[in-house]
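Good morning, and thank you for making the time. I would like to take you through one structure, moving from a single residue to the chain as a whole. Please have the sequence and the coordinates open as I speak.

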Amino acid sequence: MATLQSLALASPVAQHLQHQTRSFSGSGSWAVNKSSYSLFNGQSLCLPRLRLPLIRRKLRTSGLVTMMVKPAIQFVQGADEQTVPDVRLTKSRDGTNGMAIFTFDQPSVFDSSAEVGDITGFYMIDEEGILQSVDVNAKFVNGKPERIEAKYIMRTPREWDRFMRFMERYANANGLQFVKK
């Protein structure tokens with residue numbers, strides 16, 4: 001404890017305060033802190049209030065700031081899939097759940113899998129966040145990767161609406177259009 005006290009008394013702040021208390025009696029005070037709740041028995045410092053000039057600035061606040069993220073699909077986090085998929089949507093008659101089936105013919109993840117790593121899932125990324133699924137299947141023809149099929153299941157109307165917002169952004173960014181069959 002003596003080390004803490006000597007460091008506190010040797011600091012420039014303590015020296016400044018000692019000078020202040022000598023020249024302006026009553027504006028600062030020194031007291032030994034002996035609290036039953038604390039193990040610290042050093043000296044408490046009461047610093048005089050500093051009067052700094054107030055700097056007033058007019059800030060223009062626009063309210064909500066929206067970060068724009070290019071919608072992307074990834075099989076390995078951090079590596080965007082360049083192949084545009086064929087997407088099939090199904091929805092239950094009562095509208096409570098649905099499924100999206102993405103088919104990627106000759107996906108680019110097969111070309112770069114040695115550099116970026118193994119497929120870890122199916123990730124749909126936009127400015128609202130990430131939608132993900134682990135239901136990913138690869139199709140092989142003659143021992144070579146040909147196609148990836150990924151399924152995203154929506155169990156609530158809220159999940160369906162969120163997915164449709166992602167698909168609208170992804171379609172606009174990649175030139176897709178909706179064809180009802």
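Let me begin with a question: is Glu81 buried or exposed? Glu81 has a relative accessible area of 8%, and because the threshold for buried is under 20%, Glu81 counts as buried. Please keep in mind throughout that this is a predicted model.

Where does this residue sit? Glu81 is in the loop that joins strand E4, residues 79-80, to strand E5. Its side chain has two polar partners that I wish to point out. One is the side chain of Thr83, in a polar contact at 3.0 Å. The other is the backbone nitrogen of Ser108, which lies 2.7 Å from a polar atom of the Glu81 side chain. Leaving out residues up to four places away in sequence, Glu81 touches Ile73, Gln74, Phe75, Phe104, Pro107, Ser108 and Val109.

Gln106 belongs to the loop between strand E6, residues 98-105, and helix H3, residues 109-116. Gln106 is not a glycine, yet its phi is positive, at about 50 degrees. As background, most residues other than glycine have a negative phi.

A second case of this kind is Asn142, with a positive phi of about 55 degrees although it, too, is not a glycine. Asn142 is placed in the loop between strand E9, residues 136-141, and strand E10, residues 144-154. Its relative accessibility is 77%, so Asn142 counts as exposed.

Now to the strands on either side of that loop. Val136 is a residue of strand E9. How accessible is Val136? The value is 21%, which makes Val136 partly exposed; the buried class requires a value under 20%. Its C-alpha atom lies 6.6 Å from that of Lys151, 15 residues away in sequence. Beyond its neighbours within four places, Val136 is in contact with Phe75, Ile119, Gly121, Phe122, Ile148, Glu149 and Ala150.

Ser133, in strand E8, residues 129-133, is buried, at 11% relative accessibility. Its side chain reaches the backbone nitrogen of Asp135 at 3.1 Å. Apart from residues up to four places away, Ser133 touches Gly121, Phe122, Lys151 and Tyr152.

Ala72 is buried, with a relative accessible area of 8%. Which residues does Ala72 contact, once neighbours within four places are set aside? They are Asp80, Tyr123, Met124, Ile125, Phe166 and Tyr170. In the case of Tyr123, the two C-alpha atoms are 8.1 Å apart, while the sequence separation is 51 residues.

The largest pocket has a volume of about 640 Å³. Its lining comprises 16 residues, and those nearest the centre are Val87, Leu89, Gln177, Phe178 and Val179. Two elements give two or more residues to this lining: strand E5, residues 86-91, and helix H4, residues 157-174. H4 supplies the largest share, five residues. Sorted by class, the lining holds 10 nonpolar, one polar and five charged residues.

Finally, the chain as a whole. It contains four helices and 10 strands, and from the N terminus the order is α-α-β-β-β-β-β-β-α-β-β-β-β-α. Of its 181 residues, 24% count as buried. Taking contacts between residues at least 6 apart in sequence, 59% join residues at least 24 apart.

How confident is the prediction? The chain averages a pLDDT of 75, and 60% of the residues score at least 70. Over residues 1-11 the pLDDT is below 50, and this stretch has 11 contacts beyond near neighbours in sequence. Residues 13-36 are also below 50, with 34 such contacts in the model. Where pLDDT is low, the predicted coordinates should not be read in detail.

Thank you. I am happy to take questions.

Definitions and conventions
Residues numbered from 1 in each chain as written. Predicted model: local features only at pLDDT ≥ 70, side-chain atom pairs only at ≥ 80, totals over all residues. Heavy atoms only, no water. 1 Å grid on protein atoms, 1.4 Å probe; cavity = no way out; pocket = protein on both sides within 12 Å on 5 of 7 lines; lining within 4 Å. Points joined across faces, edges and corners; volume = space filled by probe spheres on them. Nonpolar A, V, L, I, M, F, W, Y, C, P; charged D, E, K, R; others polar. Buried < 20%, exposed > 50% of the residue type's maximum accessible area, 1.4 Å probe, protein only. Polar contact = N/O pair within 3.5 Å; in protein donor to acceptor, adjacent residues only side chain to side chain. Contact = heavy atoms within 4.5 Å. pLDDT = per-residue confidence, 0-100.
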